[in-house]
Amino acid sequence: MSIVADLRIAPSLLAADFGRFADAARDCERAGAEFLHFDVMDGMFVPNISFGMGAIRALRPISQAHFDIHLMIVQPERYVEEFISAGANSVTVQAEACVHLQRTLAQIRKAGAKAGVALNPATPESVLEYVMDDVDLVLVMTVNPGFGGQAFLPATLPKVRRVREMIGRTRHPIDLEVDGGIGADTASQVVKAGANVLVAGTSLFGNPAGVDEGIRALRTAAGLSEG
Ligand code: DX5
Ligand code: ZN
């Protein structure tokens, strides 16, 4: 029995073999992942560089999954429309990268995607206070963005709880996503704190039995299905 009716698994393709991206996307969807999470990094907002809209455009025709784009880039407003025309279903911007956060969220919705805000571990949830009506998804980073394979930061758990309370006071549905160090060991903590979308890279693609087994183990740990 699920304890969170709308719990969804969002495999991060950052942890996949870049030489077989399409196979990885297919494997995730076949294993029942509802979201595919794309970590876009520019070498400026974060030290690392990953991939851009070309990868998303290439995978769009082969997948029915919700394409969840996480922009770890400076001035994300420059690229919102391009990512959406490439196939994004949701575009999440880092609050720290947006001088005019409300404007950027409205821009994302106007261009036809769900609008998300990501918060670094050191960023308080209060930055959401005046944009809750403009948001469809809040992403609480549970590591500092930039790299896969980092250890989960437990100090982010109270923030997940507080954001869940804020969502409870709004009048429209908002997903609460967590990202970084999520695996069978941390899933139940974040779900209990209120998260309903679990991003995971290393714990899924690093599973020796394959990504499908990784997804199954994560669902079990999150309480979504029986083990
Ligand atoms: C970190 C990214 C994450 C990352 C998660 O900057 O936003 O999506 O890929 O990777 P794991 O699950 O390995 O911590
Ligand atoms: Zn991410």
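Colleague: What places Gln-75 in the loop between strand E3 (66-72) and helix H3 (80-86)?

Modeller: Helices are DSSP runs of H or I with at least four residues, strands are DSSP runs of E with at least two, and both are numbered from the N terminus. Strand E3 covers 66-72 and helix H3 covers 80-86, and Gln-75 is in the loop between them. This is a predicted model, in which local features need pLDDT of at least 70 and side-chain atom pairs count only at pLDDT 80 or more, whereas totals for chains, interfaces and linings use all residues. Residues are numbered from 1 along each chain as its sequence is written, chains are lettered from A and ligands numbered from 1 in the order in which they are written, and side-chain values use heavy atoms, with hydrogens and water left out.

Colleague: Why is Gln-75 called partly exposed?

Modeller: A residue is buried under 20% relative accessible area, exposed over 50% and partly exposed in between, with a 1.4 Å probe and protein chains only. The relative accessibility of Gln-75 is 42%, so Gln-75 counts as partly exposed. Gln-75 also has a positive phi of about 45°, although this residue is not a glycine.

Colleague: Why is Leu-59 called buried?

Modeller: Leu-59 has a relative accessible area of 4% and is therefore buried. This residue lies in helix H2 (residues 53-59). Contact means heavy atoms within 4.5 Å. Residues up to four places away in sequence are not counted, and Leu-59 then touches Leu-13, Phe-21, Ala-22, Ala-25, Phe-38 and Phe-67.

Colleague: Why is the link between Arg-219 and Glu-34 called a polar contact?

Modeller: A polar contact is a pair of N or O atoms within 3.5 Å; within protein, one must be able to donate a hydrogen and the other to accept it, and residues adjacent in sequence count only if both atoms are side-chain atoms. The side chains of Arg-219 and Glu-34 are joined at 3.3 Å, so the distance meets that limit. Arg-219 is found in helix H8 (residues 211-222) and is buried, with a relative accessible area of 12%.

Colleague: What makes a group of residues a nonpolar core?

Modeller: The members must be buried Ala, Val, Leu, Ile, Met, Phe, Trp, Tyr or Cys residues joined through side-chain atoms within 4.5 Å. The largest such core has 66 residues, of which Phe-38, Ile-69 and Leu-198 touch the most other members. Helix H5 (residues 157-168) supplies the largest share of this core, five residues. A second, separate core of nine residues includes Ala-10, Ala-118, Leu-139 and Val-199.

Colleague: How do you know which residues surround ligand 1?

Modeller: A residue is near a molecule if one of its heavy atoms lies within 4 Å of it. In total, 20 residues surround ligand 1, the closest being Asp-39, Gly-146, Asp-179, Gly-201 and Thr-202. An oxygen atom of ligand 1 is 2.6 Å from a side-chain N or O atom of Asp-39, and a polar side-chain atom of Asp-179 is 2.6 Å from an oxygen atom of the ligand. The protein covers 99% of the 380 Å² of accessible area that ligand 1 has on its own; such areas come from the Shrake-Rupley method with a 1.4 Å probe, and for residues only the protein chains shown count as cover.
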